[in-house]
Amino acid sequence: MAKQTAFKLDESIFDIAPFMKEDSSIEPSFTTSLGALFSADCMAVLPQIRDEVVDTVFADPPFNLGKEYGKSYDDLRSDDYYLQWCKDWITECVRTIKPGGAFFLYNLPKWNILLGAYLTELGMEFRHWIAIEISACLPIPGRLHPSHYSSTGGGG
Ligand SMILES: C[S@@+](CC[C@H](N)C(=O)[O-])C[C@H]1O[C@@H](n2cnc3c(N)ncnc32)[C@H](O)[C@@H]1O
């Protein structure tokens, strides 16, 4: 059997400067030639990104189902609180997307109906509703779950 060649990362460093506002102070946790990874609250990172520099946003936020995400995050808020929190980071994401860029928002249909409408309000053009069948892998055993999860897609 042929030996697998070792994966080697290109040692050149991804330059985040063209993507970040001039007064940005936040630093990525990990960088390769392919990109930069930030490990921080999304609302500490997104406002520091320039307008219209992003090609694609894919968001997989907590779904407000009462899952455990560590002490700093409460995943069982009121509907109003959760929707406003989502709208805050969605607004920042849309600001950063280039004209013609794409936004994939993964969430429960319950939330994506409302948040998809919000994306339209922000000027994104609805493109697709992608349904993901999940009955083989319930996220929380013993709980009711939606017949599918969804990704609503918009274009800038
Ligand atoms: C539905 S999970 C997504 C899991 C991810 N797709 C994965 O496979 O690890 C939601 C994620 O959002 C993170 N999260 C929660 N609040 C956040 C915040 N304010 N800023 C950034 N990430 C957050 C959680 O820690 C969790 O990893």
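Mentor: Start with the word helix. A helix is a DSSP run of H or I that is at least four residues long, and helices are numbered from the N terminus. Keep in mind that this model is predicted.

Trainee: In which helix is Trp 111 found?

Mentor: Trp 111 is found in helix α3.

Trainee: What makes Trp 111 partly exposed?

Mentor: Count its neighbours. Trp 111 has 19 C-beta neighbours inside 10 Å. Buried needs 20 or more, and exposed needs 12 or fewer. The value falls in between, so Trp 111 counts as partly exposed.

Trainee: Why is Lys 110 called partly exposed?

Mentor: Lys 110 has 13 other C-beta atoms within 10 Å.

Trainee: Now the whole protein. How many helices and strands are there?

Mentor: There are three helices and six strands. Along the sequence the pattern reads β-β-α-β-α-β-α-β-β.

Trainee: How do you know that β3 and β4 pair?

Mentor: Pairing needs at least two bridges found by DSSP. Strand β3 (residues 54–59) and strand β4 (residues 97–107) have five bridges, in the parallel sense. That passes the cut-off, so they pair. As an example, Val 54 has Ile 97 as its bridge partner in β4.

Trainee: How does the chain get from β3 to β4?

Mentor: The chain crosses through helix α2 (residues 79–96), and this β-α-β crossover is right-handed.

Trainee: Is Val 54 buried or exposed?

Mentor: Val 54, in strand β3, has 20 C-beta neighbours inside 10 Å. The cut-off for buried is 20 or more, so Val 54 counts as buried. Val 54 and Ile 97 are 43 residues apart along the chain, yet their C-alpha atoms are separated by 4.5 Å. Beyond four places in sequence, Val 54 touches Thr 96, Ile 97, Lys 98 and Gly 101.

Trainee: What makes Asp 51 exposed?

Mentor: Asp 51 is found in the loop between α1 and β3. Asp 51 has 10 other C-beta atoms within 10 Å. Exposed means 12 or fewer, so the label holds. Leaving out neighbours within four places, Asp 51 is in contact with Arg 95 and Thr 96. Asp 51 and Glu 92 are 41 residues apart in sequence and 9.0 Å apart, C-alpha to C-alpha.

Trainee: What about Asn 64?

Mentor: Phi of Asn 64 is near 60°, also positive in a residue other than glycine. Asn 64 lies in the loop between β3 and α2. With 21 other C-beta atoms within 10 Å, against a cut-off of 20, Asn 64 is buried.

Trainee: Which residues lie around the ligand, and how do they divide?

Mentor: They are Asp 41, Cys 42, Asp 60, Pro 61, Pro 62, Tyr 69 and Tyr 73. They divide into five nonpolar, no polar and two charged. Asp counts as charged, while Cys, Pro and Tyr count as nonpolar.

Trainee: Where is confidence lowest and where is it highest?

Mentor: Strand β6 (residues 149–155) is lowest, at a mean of 73, and α2 is highest, at 98. The mean pLDDT of the protein is 88, and 85% of its residues reach 70 or more. Where pLDDT is low, the predicted coordinates should not be read in detail.

Notes
Residues are numbered from 1 along each chain as its sequence is written. This is a predicted model: local features need pLDDT of at least 70, side-chain atom pairs count only at pLDDT 80 or more; totals for chains, interfaces and linings use all residues. A residue is near a molecule or strand if its C-beta atom, placed from the backbone, lies within 6 Å of it. Helices (H or I, at least four residues) and strands (E, at least two) are DSSP runs, numbered from the N terminus. A crossover is right-handed if, with the strands pointing away from the viewer, the path from the first strand over the helix to the second runs clockwise. Two residues are in contact if their C-beta atoms, placed from the backbone, lie within 7 Å. pLDDT is the predictor's confidence in each residue, from 0 to 100.
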